[in-house]
Amino acid sequence: MKGLTTLMVVMSFAILGGCSTTTARTHPDIEAQLKAVKRVVIAPPEIEVTLITFTGENERITATEETIRREVLNITKRELEAGGYEVVDFDFAAAKQQDETLATLITDFVTGYDNAKEELQHGKAISLEEAKNIRASLGEVATRVAAAAEADAVVLVRFGGFEKSEGQIAKDVGTSLLIGVISLGTVIPIQPTSGAFTEVALIDGYSGDILWTDIRGGALSSELTDILLDQLPDDIDDAVVADSVTDPVITEVVATDVIGAETDTTSLQAEKTQPAAE
């Protein structure tokens, strides 16, 4: 899991009026591929919540991470079952103890997803027409993870968030710059005292193709994941019309990998925040 780095982010905003765009990425052949998907396994969620301090010596908030981890797992299982999928009860931790290669496989799986995000222009709002023609695959590593759990597909869930210390909040009062953190490779604006992003991906266990993925930013709460999972395509066999497949969420702003803001990437500048003396 990538660490968190505090950044100073200078933002300029650009609005694309009258143009329907989406951050969701849906595989062009998703309807055909979903017909073979019934059993889904949830990969170990990646959860990272950081306390942003005045000195720059940020800390992980492990208690909050564990709470969100439990909630995210329960929410993901509930939403998948509501969508007509059978959730495979697979203990990745126990399986990794029995087969050491599985730990490496999971790491490669996550790395493969990160690499595929570049192809997908993940987190950027693009036209609906362009979004329909973008595809990416994790290949064999995804099929091996699915096979280990005897599943037809794998769901990957990430959640990255932050809280500010009282000292950092006081410090922010004296600056007009937008402060940001990088969490799991995603920049989150942190002018508020807390915030988060979440991303979800549904990956085919036979081809390794990313069938659907999207990302959202908002409050530091597992409810953010719940809202995003509402957009996950249902099991095609149980849906009369796969509305979530053919009617992706539409926004009307230019967005990039900066969650919670409409950002022109050409004007995004970042530099590491230097620890300040108390």
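Here are a few questions and answers about a predicted model.

Q: Is Ala95 buried or exposed?
A: Let's start by placing Ala95, which lies in helix α3, residues 92–98. A residue counts as buried when its relative accessible area is under 20%. Ala95 has a relative accessible area of 14%, so Ala95 is buried.

Q: Which residues does Ala95 touch, not counting those up to four places away in sequence?
A: Sequence neighbours up to four places away are set aside here. Ala148 is 53 residues from Ala95 in sequence, and their C-alpha atoms are 8.8 Å apart in space. The residues that Ala95 touches are Phe90 and Leu102.

Q: What covers the buried residues of α6?
A: Helix α6 spans residues 140–148, and its buried residues are Val141, Ala142, Thr143, Val145 and Ala146. Just past the end of this helix, Glu150 has a positive phi of about 55°. The cover over those buried residues includes α3, α4 (100–120), β9 (153–164) and β12 (194–204).

Q: Is His122 buried or exposed?
A: His122 sits in the loop between α4 and β8 (126–127). The cut-off for buried is under 20% relative accessible area. His122 comes in at 10% relative accessibility, so His122 is buried.

Q: With which side chain does the side chain of His122 make a polar contact?
A: Not counting residues up to four places away in sequence, His122 touches Tyr113, Lys117, Glu199, Thr213, Asp214 and Ile215. A polar contact needs a pair of N or O atoms within 3.5 Å. At 2.9 Å, the partner of the His122 side chain in such a contact is the side chain of Glu199.

Note on methods:
Residues numbered from 1 in each chain as written. Predicted model: local features only at pLDDT ≥ 70, side-chain atom pairs only at ≥ 80, totals over all residues. Heavy atoms only, no water. Helix = DSSP H or I, 4+ residues; strand = E, 2+ residues; numbered from the N terminus. Buried < 20%, exposed > 50% of the residue type's maximum accessible area, 1.4 Å probe, protein only. Contact = heavy atoms within 4.5 Å. Polar contact = N/O pair within 3.5 Å; in protein donor to acceptor, adjacent residues only side chain to side chain.
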